[in-house]
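Please look at the sequence and the three-dimensional structure shown here, and keep both in view while reading. The paragraphs that follow move from one chain to the other by way of the contact between them.

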Amino acid sequence: MKKKIMVANRGEIALRIIRAIQELGHISVAIYETPDNEAQHIRTADEALWLGDGPRCDYLNIDKVIAAARKAGVDAIHPGYGFLAENPDFAKACEDNGIIFIGPPSEVIQALGDKVTARRIMQEAGIPLVPGTPSLAAGEEGVRQAVEFCKQHGYPVMLKATAGGGGRGIRRIDDEKQLRAEIPVARAEARAAFNNDAVFLEKLVLTPKHIEVQIMADKDGNTVHLGSRDCSIQRRNQKLVEIAPSLIKDQALVDKICETAVKAAKASNYFNAGTVEFLVDKDLNYYFMEINTRVQVEHTVTEMVTGIDIVRTQIKLALGKPLAFCQEDIQVRGYAIEVRINAEDPQNNFMPEGGKTVSVYRSPGGYGVRLDGFVYQGYTIPEVYDSLLVKLTVHGFSWNETVDRLRRCLNNFVITGPKTTIPFYLRVIDDPDFKKGEFNTSFLDTHPHLLDYEDEETEGNKLARLIAEIHYRKQNPYAV
Amino acid sequence: MERIVHGMSVNETLANLRQATGYYVTNTARDLSQSDYKNRILLHTDLLAAKPREAAGFFSLEITGGASIHVDILRKQVDPFLKLELLRERMPKTLFQTLCRGINLFGYRPYPQNVIRLVVREFAKYVDVWRVFDFLNHVPNMVAVFEEVQKSGKILEPAVCFSTGPEHTNEFYVKKVGEILAVTGEQIILCVKNHGGLGTPKRIGDLVDAIKQKYPEIVIHYHGHNTDGNDVGRIVAAVQAGAKIVDASDHAFSGYYGPPSILTVVNTLSEYGHQAVGLDEAAVVETSEVLRGERQHYEFFESQFKGNDPTVQIHKLPGGAAGSSFEQASKGGFLDKMPAILHQELPKVQKELGNFWSVTPGSQILWTTAVSNVQGGDRYGNPSGDLKNLLLGKYGPFPFYQPEEWIYEKVFGADWREIIEKEGGMEAIEDMDIDHERRELAKKIGAEPTDQQLVSYLQHPNDAVAFFKFEEKFGKSYVLPPSVLFRRGAFRLGEVIKFRDHAGKEHVIEIGPQQTDEDGTTHVYLNVDHHQRVFEFEPEATAGNGGGAAAAPKLSKQEIEDLAKAGDLRAPFGANVCEISVAVGQEVKVGDRLVILEAMKMQTPITSPMDGKVQQITAKVGAAVRPGDELVKVTPAD
């Protein structure tokens with residue numbers, strides 16, 4: 001039967017979800033704030049509702065989103081990632097209003113979203129954990145607890161928002177002075193971002209690989225994993241390049257990590273799609289980090305290597321269908337790499353290029369190439385949202401083939417107007433360590449020269465620039 | 001009779017010239033470009049003409065030197081060495097000729113000896129015939145160039161500059177030739193350099209005859225300009241008196257101030273029984289057929305006053321100086337004073353300053369002084385630095401007589417005698433530390449320079465660096481035709497420009513639409529090799545050499561940090577102010593939070609660099625700040 005499904009999100013993920021809804025033959029409903037009134041997701045969805053002027057407040061406003069859902073008469077809501085995706089109150093509000101929330105139940109989000117509770121669940125299930133504190137007490141007492149923990153385990157440590165996720169609300173602390181200065185700031189930021197100012201500390205595992213496992217579970221508790229991903233190449237905890245499967249050569253270890261992920265999901269009564277994140281240190285010890293209770297930005301790489309449409313599966317599971325495959329059915333074939341092409345200037349501290357208009361947009365195509373974007377030629381990037389323009393995902397039979405394909409696609413990708421991360425990725429993928437698969441979360445810090453590139457211009461383009469200048473100034477300013 | 005070709009030795013060349021029963025022609029493409037087109041004829045055009053010019057069988061093609069080397073890099077963005085290399089590829093036989101201003105090289109002021117020698121050595125790799133002159137006919141000023149040319153095994157062509165007036169006798173010039181020969185020896189060509197096209201055919205015939213009487217073996221190359229319309233007459237007289245080489249130019253481009261048309265000269269002399277050796281008239285015609293279509297693109301650079309100027313015999317301005325004097329007058333708004341300047345003041349100044357030769361850089365000194373005398377009212381009351389140097393004798397001694405004392409007094413003041421005593425006379429210019437200059441250049445361009453780049457830099461430091469940067473940004477633009485580079489007005493929508501780049505790759509560029517934002521930024525869309533490209537132009541930016549006020553410079557990261565240390569806290573990146581944690585007058589300690597900025601969802605505290613007091617708060621909660629914007633000022637505690 002045709003269902004009406006709302007996408008409570010924007011940007012590329014809104015489009016991604018709308019596509020899955022439409023492929024399933026359901027009706028898609030988009031919502032938007034004013035700065036997004038020229039966005040693609042509104043045009044592509046079957047219906048669209050305006051929430052308010054925003055920015056970034058209406059997408060986060062549970063009452064407004066629920067009211068819009070009721071007005072449109074939707075059966076289900078897919079939250080995407082970010083915004084309300086991991087907000088248990090939102091899941092709860094859906095449940096209370098008889099709307100299907102496409103994701104785990106609110107109490108699971110609540111439990112896993114609270115990092116301290118999550119750690120307790122995992123500890124009880126025998127999952128390896130990085131040393132850490134519970135949520136710090138309020139005020140001076142919390143600071144005292146923090147100082148005490150650091151004395152015992154040593155610096156550096158990570159200061160994290162208990163309700164945070166996706167790399168947000170995390171800061172590295174190297175000494176006590178910094179610790180004291182940052183706790184109040186982290187609390188304020190957490191309050192603003194997650195409406196919860198609880199923070200906690202965790203021992204920092206130096207130069208780990210970030211390995212994560214995609215899991216899927218149906219209502220009967222059948223839980224499978226879709227293999228591993230390596231998301232080690234990050235900047236300030238924001239992932240830039242994501243790979244499936246992990247390049248760790250010890251397959252037994254990777255299998256063990258994947259099995260642990262399933263165990264962790266079961267221990268938390270997990271339902272629907274999720275991601276179990278691990279840190280793997282240089283001695284190949286692995287530690288549970290967290291479970292993200294939503295679809296990830298980088299879900300595309302898993303889809304490419306397994307052939308399973310994760311978002312479609314999410315919707316079907318939420319509508320009560322059982323998993324249509326078991327663990328044995330899932331095969332990982334070849335490699336996939338996703339790069340997040342952001343409107344940022346890598347050479348200026350990855351400063352966002354919001355407010356600029358995409359004057360030329362020419363995307364690559366061909367075998368093994370997937371694009372998840374939402375911008376178009378003439379689109380002005382709103383300054384108030386994140387800077388992701390398009391995710392480029394390539395799939396190949398071997399690692400080398402995949403890297404070659406990515407290089408070809410990046411070379412053929414033309415985006416002018418804003419500066420983008422494309423030239424930076426071209427440098428990354430030609431780095432010998434990257435090619436060998438030898439990288440961890442310190443990759444950018446240990447390879448600063450990757451930012452030292454020049455915009456290379458062909459002779460034809462250089463002369464075209466001169467012709468453009470003559471045209472614009474109505475005479476050659478260099479020949480006067 | 002034999003055509004003279006590139007690669008012949010100096011002795012072989014001179015033997016051919018001496019034995020020739022006819023005369024030879026030099027195609028003065030460079031002088032034509034300088035005299036009638038402000039030196040703008042592009043390499044692109046010379047390359048078009050290369051094949052028929054090569055076939056034409058000239059004694060030489062004068063294609064470099066004079067002001068052209070400076071204009072090559074300053075206005076035409078072509079490497080003067082690359083130009084010669086590319087022409088040589090297409091013209092393997094033709095001798096290439098240059099015009100060198102002796103100690104002033106290709107510029108306007110004397111250069112150090114070691115620079116002169118290095119520059120000549122580098123150019124001698126490409127240039128076969130070296131015409132060398134000095135505007136005071138002061139032979140010592142030319143010696144360094146003479147020596148280097150002869151050492152390089154190239155043909156040396158010293159010039160005597162010619163002018164008119166009671167002092168300009170045959171005896172004077174014959175004696176000058178003797179001075180030159182004493183330095184160079186017999187194996188040279190002597191140029192009679194009539195840059196103004198002065199005198200009558202009879203006067204030139206007499207002079208050439210007088211030189212030949214004294215030095216029968218000497219090979220004379222007559223160079224003249226057609227400003228008064230009578231250079232063909234002077235050329236005929238010169239050849240009849242025994243000149244072996246004459247200067248003329250392609251008729252498709254001949255104008256009013258340059259040398260006359262080759263075919264006119266050749267046909268006229270033919271009637272007098274003198275044949276041009278090795279010259280293929282059909283190829284001369286073909287050259288002009290090829291060039292004719294290009295002339296329209298140079299129209300803007302032609303003199304705004306058309307027609308010959310017989311009054312050159314009064315004002316004596318050389319070649320292109322006549323044309324550009326009117327341009328200056330027009331730009332300077334004193335066009336109405338031109339008759340007074342050209343026909344009264346300039347001849348008067350010439351006489352007062354010693355009746356030397358009105359050619360670079362002397363012609364510029366005379367012109368500037370005459371203009372200043374008329375414009376300022378107070379004659380010699382506002383002397384240029386170059387006039388002072390002339391009077392001090394920095395360029396060399398006056399050839400005939402010293403200017404009168406009142407001029408010195410006017411220029412230098414009451415104690416002029418002391419000044420002349422102390423500062424007067426030529427002084428040896430100290431050698432330049434060339435290795436140091438090479439390192440400086442390397443720093444400026446961020447790469448080890450080639451010897452050729454160094455040579456351009458030593459002559460014109462700023463313009464050479466600007467040129468190297470231009471090439472880095474825009475590539476080698478000589479491949480573009482004058483219809484593009486000298487375009488007036490925008491291109492048509494849909495207009496297609498095709499060209500082959502320096503490496504040989506074909507490109508096609510189609511002009512697309514253009515749009516301007518509300519903030520004034522213009523986007524120019526071009527289809528470059530079938531890929532759409534957009535080029536942005538900020539309204540306040542000014543490009544090229546026109547200059548203009550640039551936008552206020554942004555603070556660098558380092559500057560922002562330095563200001564912060566001093567208590568002037570600026571936004572280190574673009575962000576929103578999400579909290580102001582202090583109030584004006586509040587006491588703060590090192591590390592206390594002053595402001596919190598938020599960018600891309602990350603909050604960053606700005607903390608106090610010192611113990612002190614909050615003096616000023618510029619930031620406002622919720623406001624967007626750009627890098628370098630003021631946030632808070634803190635003054636240190638005492």
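**A walk through the two chains**

In chain A, five strands form an open sheet in the order S3-S2-S1-S4-S5, and their pairing is parallel; here a strand is a DSSP run of type E with at least two residues, a helix is a DSSP run of type H or I with at least four, both are numbered from the N terminus, and two strands pair if DSSP finds at least two bridges between them. Strand S3 (47–52) and strand S5 (100–101) of chain A stand at the edges with a single partner strand each, so one side of each is left without a neighbour in the sheet. This is a predicted model, in which local features need pLDDT of at least 70 and side-chain atom pairs count only at pLDDT 80 or more, while totals for chains, interfaces and linings use all residues. Residues are numbered from 1 along each chain as its sequence is written, and chains are lettered from A and ligands numbered from 1 in the order in which they are written.

Within this sheet, strand S2 (residues 27–33) of chain A pairs with S3(A) in the parallel sense over five bridges, and A:Ala30 has A:Ala48 in S3(A) as its bridge partner. Helix H1 (residues 11–23) of chain A lies across strand S1 (4–7), S2 and strand S4 (76–78) of chain A, and it runs at about 160° to S2(A); axes are lines fitted to C-alpha atoms, for helices over the stretch in contact, and angles run from 0 to 180 degrees between N-to-C directions.

Taken as a whole, chain A has 16 helices and 20 strands. Of its 480 residues, 51% count as buried, where buried means that 20 or more other C-beta atoms lie within 10 Å of the residue's own, exposed means 12 or fewer, partly exposed means in between, and the C-beta atoms are placed from the backbone. Two residues are in contact if their C-beta atoms, placed from the backbone, lie within 7 Å, and among contacts in chain A between residues at least 6 apart in sequence, 65% join residues at least 24 apart.

Although A:Asn196 and A:Thr162 are 34 residues apart in sequence, their C-alpha atoms are 8.0 Å apart in space. Leaving aside neighbours within four places in sequence, A:Asn196 is in contact with A:Thr162, A:Ala163, A:Ala190 and A:Arg191.

Next comes the place where the chains meet: 36 residues of chain A are in contact with 49 residues of chain B. On the side of chain A that touches chain B, helix H8 (176–194), strand S16 (351–352), strand S20 (414–416) and helix H16 (459–473) of chain A each supply at least two residues, and H16(A) gives the most, with 14 residues. The residues of this side of chain A divide into 19 nonpolar, nine polar and eight charged; Ala, Val, Leu, Ile, Met, Phe, Trp, Tyr, Cys and Pro count as nonpolar, Asp, Glu, Lys and Arg as charged, and the others, Gly among them, as polar.

In soluble globular proteins, nonpolar side chains tend to be buried together. In the largest nonpolar core, which has 151 residues, A:Ile467 and B:Val246 touch the most other members; such a core is a set of buried Ala, Val, Leu, Ile, Met, Phe, Trp, Tyr and Cys residues joined through C-beta atoms within 7 Å. Apart from neighbours within four places in sequence, B:Val246 is in contact with B:Tyr23, B:Val25, B:Tyr222, B:Ile235, B:Ala238, B:Val239 and B:Val265.

Chain B has 24 helices and 20 strands, and 44% of its 638 residues count as buried. In chain B, helix H15 (residues 338–352) and helix H16 (residues 362–376) pack at an angle of about 115°, with their axes 9 Å apart. The residues of this contact between H15(B) and H16(B) divide into eight nonpolar, three polar and one charged.

Elsewhere in chain B, strand S11 (residues 522–528) and strand S12 (residues 531–537) run antiparallel and are joined by seven bridges, with B:Asn527 standing opposite B:Gln532 in S12(B). The hairpin of S11(B) and S12(B) has two residues between the strands, and B:Asp529 takes a positive phi near 50° there.
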